[in-house]
Amino acid sequence: MSIPVVDPERYDQQLAAKRERISRQFERFSPPLLEVFASPPSHYRQRCEFRLWHEGDDLFFAMFEVDPNDPKHKRVIRLDDYPVASGRINELMPRLREALLASDVLRRRLFQVEFLTTLSGEALVTLIYHRPLDEAWESEARRLQQALDILIIGRSRKQRLVLERDHVWERLEVEGRTFHYQQVENSFTQPNAEVSRAMLTWARDVTRGSQSSDLVELYCGNGNFTVALAENFRRVLATEISRTSVASAQQNLAANGIDNAVVGRMSAEEFAAALKGDKGGRRVTEMALAEYDFSTVLVDPPRAGLDEASCRQLSEYSRVVYISCNPDTLEQNLESLSRTHRIARFALFDQFPWTHHCECGVLLERHVA
C-alpha cells in the first residue's frame, strides 16, 4: 500500500483532478453536471488499523509501504501521528503507546491495534495478540480503558475479550435530523463520517416524493441508508448477508424509531430469486413480498460491482440509486443499465482524499417509451 501524503493546501487541487477524471470517464453516458462533495482535508477517517512494531525496548505504530524499486520488499513506516485519522485517534496514539511501553503485560506479543471512533469522541480500541489473554491482561486492560476513557477489546487466536461493549454509537446530523448508528468492531462502516453525512443528504434529496411507493435496498450493511431514507417511502425492505450487519441494522432501526422498514438476512442473488418466485422458505414468507410496490432500488455493492444477472434485475425498477466505491465497476454496470435507464443525477463523494479512490452516486430513471 501507499501511505497518503496529506497536504491541506493542495486539497482543492486533488479534488479537481478527481472531478476531471470522473467526468471524462463517464461522459459517454451523457450524465448531468457532476455534483462534487468535498471531505475535510485531514483528520477525516474514523477507523484505522496499525501494526505495532517492536524494536528492542521500543515500540511504535507502523504501516508498510511497497518499495518502488523492489515491489517484493515492504518498508516499515513509523507513525507517531497519522493526519488521515480522526483527531481522536491522533490524540490517543501517543498516550496508548506510552501506556504500552510501561506495561510488559499489555505489550507482550501485541502486533496490531485497531481504532474505531465517532464524531462525538467515542473510541473503541482493539488490541490483537500472538498469545492467549489471561486475567493479568484483563486487569491491566481495564485500568488502561479507564485511564484513556476508551472501550477495549482484546483478540488472539480463538479469543475475543470484550471489556465493556463491542460497538460505538455514531450520531450524524443530516438536514436537521440526528441519526444514531451502532457501529460494531470488525464490521463495515463508512470510514469518513463527514462524507457519509453528505451521501445521506444526497440520497434523501434524490428520492423525495416517493411516499406512495416502496424502496428495496440491497447490500444494506448496518442500515446506513435504510435509516436515513425510510421517511421518503411508504415502506422499506432491506437485505444483507452478514449476520453482524443485519443485527446492527435492526438495532439502528429501533434506535431511530423507524417502524416502516424491515431488514432481512438474504443475499442479493437469493432476493432476486425470491422476487421471481424461484425461492421459498420461512425467510421469504416472512418478507410478504406481494404486499410491496417497489418503485426504487438502492444498491451499495462491494468493489466488484454487480454481475450481469443483478443488472438485469435492477433494470426492472423505475428508479435505481447506485452507490459505488469503484468507478471502474460502476462504468461496466452502466453499460448494461443505460440500455433501459438514463442518468438523472451524478455525484462524486471524496470519501478517500489523497488516494485515487472515489465514491460515486448515480440516480438512474427508466427511459420514457
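**A loop and its helix**

A: Let's start with Asn186, which is found in the loop between strand S10 (177–184) and H5. Quick word on those labels: helices (H or I, at least four residues) and strands (E, at least two) are DSSP runs, numbered from the N terminus. Keep in mind that this is a predicted model, where local features need pLDDT of at least 70 and side-chain atom pairs count only at pLDDT 80 or more, while totals for chains, interfaces and linings use all residues. Residues are numbered from 1 along each chain as its sequence is written, and side-chain values use heavy atoms, with hydrogens and water left out.

What is phi of Asn186 near? The value is near 65°, which is positive in a residue other than glycine. Asn186 also counts as exposed, at 59% relative accessibility. The cut-offs here are over 50% relative accessible area for exposed, under 20% for buried, and partly exposed in between (1.4 Å probe, protein chains only).

Now step onto helix H5 itself, which runs over residues 193–206. Its 14 residues reach 20 Å from the first C-alpha to the last, close to the 20 Å expected at 1.5 Å a residue. That expected span is 1.5 Å times one less than the number of residues.

Is H5 mostly covered or mostly uncovered? Mostly covered: 10 of its 14 residues are buried. Among the buried ones you'll find Trp202, Met199 and Leu200, along with Ala193 and Val206. Arg204 and Ser196 are buried as well.

Beyond the helix, have a look at Tyr219, in the loop between strand S11 (210–218) and helix H6 (224–229). Tyr219 has a positive phi too, near 60°, and isn't a glycine either. Tyr219 counts as partly exposed, at 23% relative accessibility, whereas Asn186 counts as exposed.

One last stop, for another tyrosine: Arg235 lies over the face of Tyr292, at 4.1 Å from the ring centre. A charge is said to sit over a ring if NZ of Lys or CZ of Arg is within 6 Å of the ring centre and within 35 degrees of the ring normal.

So here's the picture to keep: an exposed Asn186 sits in the loop between S10 and H5, and H5 is mostly covered.
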